[in-house]
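Please look through the structure below before reading on.

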Amino acid sequence: MSEQKLEIFNVLNFLNNGYELDDILNEGNFATFPSAQDCIKYLVDEGYLEGDFDVSVGGGESLTEEEVSKKYTVAELKDILRENGLKVSGKKQELVERVLPVLCGGSGDEDVGSESHDLELTDKAHEFLKENDWMDLYMFALVAFRFEDYETYVAGSSLDKIETGLKFCDEIISRALIANQFLVFIDALSAKAHVYAYDGDYESFLDYDLQRFILGLNPIVMDAQTYAGYDVINHANLINLKNVSEKFDFGSLKKRFDKIWNKSHIKNTTVPKKICFKTLKKAIGGADLEELNLELKEKYFNKKYGI
């Protein structure tokens, strides 16, 4: 039920933020419902959405002729065709062929889909979004961790949304260090950076993502199995650093790098500090990350980690 609750929140939250229902139906992930249409029907039936919604029209659902034939009777197929101003005579296979474009969102009348999806959030939906506002932070910053774990953590926290998210990350960081789970540790660093970004604190976001970059090049612990699939420079981490550095003027990147390097208390250096910063500048400047990763592994990592 927890995953379905998150799925419901996402649909309602997207609608509340001005997204078109057809876009949500076409692009959303509806893992806990048989289809996108079933999710919307559930929200209507449960009183979260109100208005006109025809579950047989639009939504961009991908169906085969065999699926349509099994799902609908001849009478139901004729009803759908009649509602869309299409010919209703013929054998069932002909009806299936004629109705398939309608069920997949292309009836020939481009206005049918939008007219059939005239829905608004109810007071119940707005209350649900308010009560579960923490899920928005989860989707933005903490999705690398199990939803059920964070749901339980939130239920036991008396802190506000941001402080709860930060404390959750800190506890994961502490446990990961004790258990020598380096990948979990740097994922939690990145998550903490994103909690700050969610709160609009992009300077702290830069600091924690910069620490994630530095420690990515200087792992606290690394076994051969972890290293086998390890990227020294993480692409998403680098994009974050590049975007924030270009968008905001937080002073000298070199001074900030030095501060974060010292804060990280690196006791067992893999990539020397000077090379680490040069690599950061190259990566931000547009150097090929695959080549940089290969170069760093060959020069600093392979021998050290027994590859």
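Angles between axes under 35 degrees count as roughly parallel, over 145 as roughly antiparallel, 65 to 115 as roughly perpendicular, and the rest as oblique. The model discussed here is predicted.

Two packed helices are described by the angle between their axes and the distance between the axes. For helix α16 (residues 253–264) and helix α17 (residues 273–284), the axes come within 11 Å and cross at roughly 130 degrees. The two helices are therefore oblique to each other. The crossing of α16 and α17 is right-handed. On the α16 side, the contact is made by Leu-253, Lys-254, Phe-257, Asp-258, Trp-261 and Asn-262, which meet Lys-273, Cys-276, Phe-277, Leu-280, Lys-281 and Ile-284 of α17. By class, the residues of this contact are seven nonpolar, one polar and four charged.

Leaving aside neighbours within four places in sequence, Leu-12 is in contact with Leu-43, Tyr-48, Leu-49, Leu-121, Ala-125, Phe-128 and Leu-129.

Tyr-48 and Leu-49 are also among the residues that Thr-122 touches, together with Gly-47 and Glu-50, not counting residues up to four places away in sequence. Thr-122 lies in the loop between β2 (117–121) and α8 (123–131). Is Thr-122 buried or exposed? Its relative accessible area is 10%, so Thr-122 is buried.

Conventions. Residues are numbered from 1 along each chain as its sequence is written. This is a predicted model: local features need pLDDT of at least 70, side-chain atom pairs count only at pLDDT 80 or more; totals for chains, interfaces and linings use all residues. Side-chain values use heavy atoms; hydrogens and water are left out. Helices (H or I, at least four residues) and strands (E, at least two) are DSSP runs, numbered from the N terminus. Buried means under 20% relative accessible area, exposed over 50%, partly exposed in between (1.4 Å probe, protein chains only). Contact means heavy atoms within 4.5 Å. Axes are lines fitted to C-alpha atoms, for helices over the stretch in contact, and angles run from 0 to 180 degrees between N-to-C directions. A crossing is left-handed if the near helix is turned anticlockwise from the far one by less than a right angle, and right-handed if clockwise. Ala, Val, Leu, Ile, Met, Phe, Trp, Tyr, Cys and Pro count as nonpolar, Asp, Glu, Lys and Arg as charged, and the others, Gly among them, as polar.
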